[in-house]
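Please look at the sequence and structure before reading on.

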Amino acid sequence: MQPYDGHIGVQEGVILVFALLSAMLFLQYPQFLVEVGGPAGWQVALIMTLGAMLLLVPASALARRFPGMGLAEISREAAGSVVGPLLTLLVSLWLFASCVLTLRSFTETFITTILPDTPPSPLMISAALCALFASYKGLESIARATQILLPLIAGGSLLVLLFSLPRLDVSLLYPFWGHGGVPTLMGGLYYSSMAADVVVILAVGYAFRDPGHLRTSGMVGTLLFGLGAIAVVFVLVGIFGAPIASQNPFPLYNLARLIYLGRFLQRTESVIVMFWVLAALVRISVLLHASAVTLSGALGLPQYRPLLFPLAVLLIPLALLPQDFLTSLRIDRDVIRPLGFVAVLAIPLLLWLLALLRRKGGKRHAT
Amino acid sequence: MSIWQSLKRLLDPSRSLVNQPFSLGNRGEKPASEELGTEMLSDARLRTENLLTRIDRLVEAAPQGKEALEKTGDLSDDLEQNLKRLKELFRLPENKDLVIREFAVATQPPTPAAVCFMEGLTDKGIINDNILQPLMLLSHLDHHVGDGGENGPSSFSTDMVLKRLLPGNQSTPLYDLASVADSLLSGDSVLLFAGSRVAVAVETKSPPSRSVGTPETERVIWGPHDAFTEAFRVNAALVRRRLKDPRVVTEILTVGEVSKTFVGVMYIDTIATPKLVAEVKRRIQAIKVDVVNSSSVLDQYIEDNPNSILPGTLMTERPDRTAAYLSEGHVAILVDTSPHAIICPITFWSLLQTSEDYYLRYPLGTILRWIRLTAIILSLSLPALYIAIIYYHQEMIPTELMLFIASTREMVPMPAVAELLLMDIVFELIREAGTRIPNVIGPTVGLVASLVLGQAAVEAKIVSPVMILVVAVTGLASFAIPNYLVGFGVRIMRFFLLALATVMGFYGVALGIFLLLVLLAAERSFGVPYLTPLAPARGKLVDLLLRPPLYRMEERPGYMHTLNRQRQKEIVRSWDPMAPAPKSDEKGG
């Protein structure tokens, strides 16, 4: 078990999950949803939300069976000291890969939008250093900082959506069923892996005082994220129309560019970028922290902190590896997201079944 | 000395060169620590002698029971011997602070005695009127004192002195030399008698201190104007005057091997959680240093993170504020010789509040809080945002304003950040000079300096007028931060954000804000998270950004885990026809 890393309550857990997932709404993911669902992109977001909440069921069941334990300890307990660490290692690698691609995506968007003359490496190094510092300070500190930042990030984004409403053209949301029921359903289920990062809460399960808190945090956080995704996709399609929205990798940024509230308040996208950076930093920090915690658990190390610096150093060259932005988008959409099902669904489900078969956990561990 | 002699002395090399100039550490000499060893040998011998004497007496007293053991010390029944040891301990005759006045108690036969006290720490009037006069002149009036009267011969004893001869309000028997020394150093007078192994300490403390003044850094317009002084007892009394309750406890600890500073730990027994009180005492008792002469010094030994930019405790010079915090379950630490109380634990938000928030009606108190919050945000980020906009995000500024700024900056040869730093340095200089200049001319000099320098800098085209505006607003905002130490911390953070904004614009500012928030979120003050009750959310958030009406502040802050959560009755304004019925009534009805 990891040494004291602070405790996460329900409120902090919800905020952490919501911040972790909603940072994706600043990136290319709304574009993917529109691509699949067309004018019915918001329905894809709705199905994605429901699917994502279902994905959490095995993780919640596992946490209830092994209260006060993180993924590494659960794996070791349920699957033994050989298979268990291997399964934890898989989750760790997936989380780290997600972290790498998040860093790359955010860097690319900053360069494209506000800092065109800046090479990517200074942005990546500074973001990695910030994530390293935050992860070093612990999940409790990240959660508390997020608790203060989230109203800013969410409020700012909500204002962008609200101020964009005058330009909304409802006719662009038709045909109502978009490309048809089946593509919408399948797309929604496929992109429910957008919320696969929620496996983070299982990775740091030891920080939750009660397994019920973990479940509530995951469910409510994912639900709020889903509502956010529906709202963003709805406004995006309603303003740009499905064809343009499906080619728009920076939805909120482009919405912010359209805002014009008289002569004095114009071109507010730079302010949005600040919220955007803050959301990105929260996401990268949480993912880095969870990667380090699971990796240290898989390797049987008593502390995660010694792994933080090597992981942060690795983060930068790995983020620079994809040839261009489009390649990184493609890797994320076609490789990392589908593998998210393994991390959040398959492995917890397998562990739960193994625990059931080997009669591990359960009442013996119940609080 | 004539001019010729002076000249001759200069010309004579043997006289003008000093053979051995004074130095504290010369090569070839023994290090000072070795000197210390020999110097302390006499102390060690004295202590060993005392210890051996005490052990012998303890062995003798053991069969007589607990009371006899408690009264066993190392004082001799020979007055001369006691005085000799006392003089040795206090380095007499070199040391002139200890005064020893030998006299005879007017008993039959007269008993030789001596009164010892520290010059300057004692009230000589009390010594003359309440110690020497009764013992030297009036003790013979009591016929039971050693006169061999009707009741038979009665021997002289310190017990009799305590009960019948000394009218002092606090008199304590002492049994060992160490206690005698402690009493003397705290300002008491100590009486030693021939034939007695017991000394008597009489309360005569009167250390030099100033009278109660007005607060220097926590001034308010509405509310009391008294402030703590350097006298610990006066400070405790100022607080106790506001909390007339026997449950208010002041525990006194002594800190510092040499300074032996009194440290008072104040709390309300039925409100403050015992865990907190024990932790405060544990941290104070763990301090092993020679000198602690200020609450700021003590604070550095006990606060959770001494590396933090922002303070981990609240230093206040206001007794009313201290009393208010005590009533919320906090612990106040009063340090003798320091005009500040240390309040612990605290949160970041409490550093942004003042007593005045609660003295004004709630809408005004809330507005004041918002003004202060705006001030801290401006003070922290305005220069960084200005530089970020000027360098990287010009599109945010309306076109006319941008053209105006560009035109004013056209003649300025320096980059904007250099301009800003230059003006900031000048501003800091004015601020620092303002605190050193005597009070009468300080504000005038500050005003003149800022006006003249600002005007001259703009006319000389060294800085642009907009920059003066930015620096002035930032400076003004930093003065609106109610806590001096927070103001200091914010200044450091401002430069950090400015550096990041210069290099990376809004991206850098966002990085800086994130880092600072994580840093603050990781802080704790005596077990209380620094950003609570906002993060983590604990209880109601009403008394944070808003100042709720006093009659609605029914509970103490949840994060204090107080023994008694209820601060006041649910319905305080029961006379008000508009007041809602208490919940208990509703249930009953």
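Q: Among contacts in chain A between residues at least 6 apart in sequence, what percentage join residues at least 24 apart?
A: Two residues are in contact if their C-beta atoms, placed from the backbone, lie within 7 Å. This is a predicted model, in which local features need pLDDT of at least 70 and side-chain atom pairs count only at pLDDT 80 or more, while totals for chains, interfaces and linings use all residues. Residues are numbered from 1 along each chain as its sequence is written, and chains are lettered from A and ligands numbered from 1 in the order in which they are written. For chain A, the share of such contacts that join residues at least 24 apart is 85%.

Q: What is the radius of gyration of chain B, which has 589 residues?
A: The C-alpha atoms of chain B fill a box of roughly 110 × 105 × 40 Å along the principal axes. A compact globule of 589 residues would come near 25 Å, but chain B has 33 Å.

Q: What percentage of the residues in chain B is buried?
A: A residue is buried if 20 or more other C-beta atoms, placed from the backbone, lie within 10 Å of its own, exposed if 12 or fewer, and partly exposed in between. In chain A, buried residues make up 58% of the 367 residues. In chain B, of 589 residues, the figure is 33%.

Q: Which helix supplies the largest share of the side of chain A that touches chain B?
A: The contact takes 29 residues from chain A and 24 residues from chain B. On chain A, α1 (10-22), α5 (120-137), α6 (139-164) and α12 (269-298) each supply at least two residues of that side. The largest share, seven residues, comes from α6(A).

Q: Why do the buried residues of helix α9 of chain B lie on the same side?
A: The helix spans residues 177-185, and Leu177(B), Val180(B), Ser183(B) and Leu184(B) are buried. The arc is that of the directions from the helix axis to the C-beta atoms. These residues share a side of α9(B) because they cover an arc of only 125°.

Q: Which residue in the turn between β4(B) and β5(B) has a positive phi?
A: Two strands pair if DSSP finds at least two bridges between them. β4(B) and β5 (residues 199-202) of chain B pair in the antiparallel sense over three bridges, and Ser189(B) stands opposite Val202(B). Five of the five residues of β4 (residues 189-193) of chain B are buried, so this strand is largely enclosed by the rest of the structure. The hairpin has five residues between its strands, and the one with a positive phi, about 80°, is Gly195(B).

Definitions and conventions. Helix = DSSP H or I, 4+ residues; strand = E, 2+ residues; numbered from the N terminus. Rg over C-alpha atoms; globule rule 2.2 N^0.38 Å.
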